Amino acid sequence: MIIGIDFDNTIADYTGVFYRVGCALGWLPESVGQSKNEVKQYFIDLGNEAKWTELQGIVYGKEITQARPYPDCLDTLKQWRKQGHTLKLISHKTRYPIIGERVNFHVAATGWLEANGFVGKIDAPFEKTDLFFNETKEDKLLRISTLDCELFVDDLESIFNHALFPAQCKKVLFNTRSNDPSLVPVQLWSDIPDKL
């Protein structure tokens with residue numbers, strides 16, 4: 001089976017990272033909630049979405065090392081590879097931030113994957129040639145299709161509901177709740193093998 005996997009908030013867990021970095025920069029009061037959505041909402045409520053965009057650039061760039069792999073993710077992907085599945089990382093990620101320091105997000109994400117054992121080791125689930133960082137959502141969706149993914153794991157319902165998402169590809173919605181009966185929501189990586 002060809003299995004496609006998203007990167008941000010699917011493999012890489014940013015829980016608390018936006019909050020910690022925002023507080024360290026003096027951009028957030030400590031009273032703001034620690035989730036990504038709470039931090040984002042804080043900037044929206046202030047009418048300062050540009051600062052939120054800049055914070056994303058910092059976190060996805062030079063502070064990406066603070067992200068952690070979701071529990072059981074690496075072991076699950078290694079298991080799939082040993083079982084003979086073909087794994088492809090397919091992410092919507094611009095190359096550079098819109099605002100702020102010019103850090104190459106593709107290089108930063110690849111470095112994170114190497115540092116966390118997803119690439120560059122004998123038993124790693126991905127080869128570098130299996131990494132596809134796409135500049136637009138549409139490019140990501142077309143890549144899922146051209147690579148003939150039979151199953152795709154993503155945290156964004158909008159990817160699965162997009163007109164370009166291939167009809168024959170099984171959908172696994174990770175760590176997100178949904179009322180859409182066509183989606184298979186899972187909260188833990190260890191639960192996904194049951195969906196294969």
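1. Glu101 and Lys62 form a salt bridge, with 3.2 Å between the closest N and O atoms; the term denotes a side-chain nitrogen of Lys or Arg within 4 Å of a carboxyl oxygen of Asp or Glu. The count between domain 1 and domain 2 is one salt bridge.

2. The model is predicted: local features need pLDDT of at least 70, side-chain atom pairs count only at pLDDT 80 or more, and totals for chains, interfaces and linings use all residues. Residues are numbered from 1 along each chain as its sequence is written, and side-chain values use heavy atoms, without hydrogens and water.

3. The protein chain is assigned domain 1 (2-13 + 68-191) and domain 2 (17-65), with bounds from an automatic or database domain assignment. Taken over C-alpha atoms, the centres of domain 1 and domain 2 lie 23 Å apart.

4. Contact (heavy atoms within 4.5 Å) links 15 residues of domain 1 with ten residues of domain 2. Between them, the two domains bury about 960 Å², of which 64% is on carbon and sulfur atoms; buried area is the accessible area (1.4 Å probe) that two parts lose on being put together, summed over both.

5. Of the area that domain 1 buries against domain 2, 39% comes from Ile99, Phe105 and Trp112, more than from any other three residues.

6. On the side of domain 1 that touches domain 2, helix 5 (residues 105-115) gives the most, with four residues; helices are DSSP runs (H or I, at least four residues), numbered from the N terminus.

Key: Helices (H or I, at least four residues) and strands (E, at least two) are DSSP runs, numbered from the N terminus.
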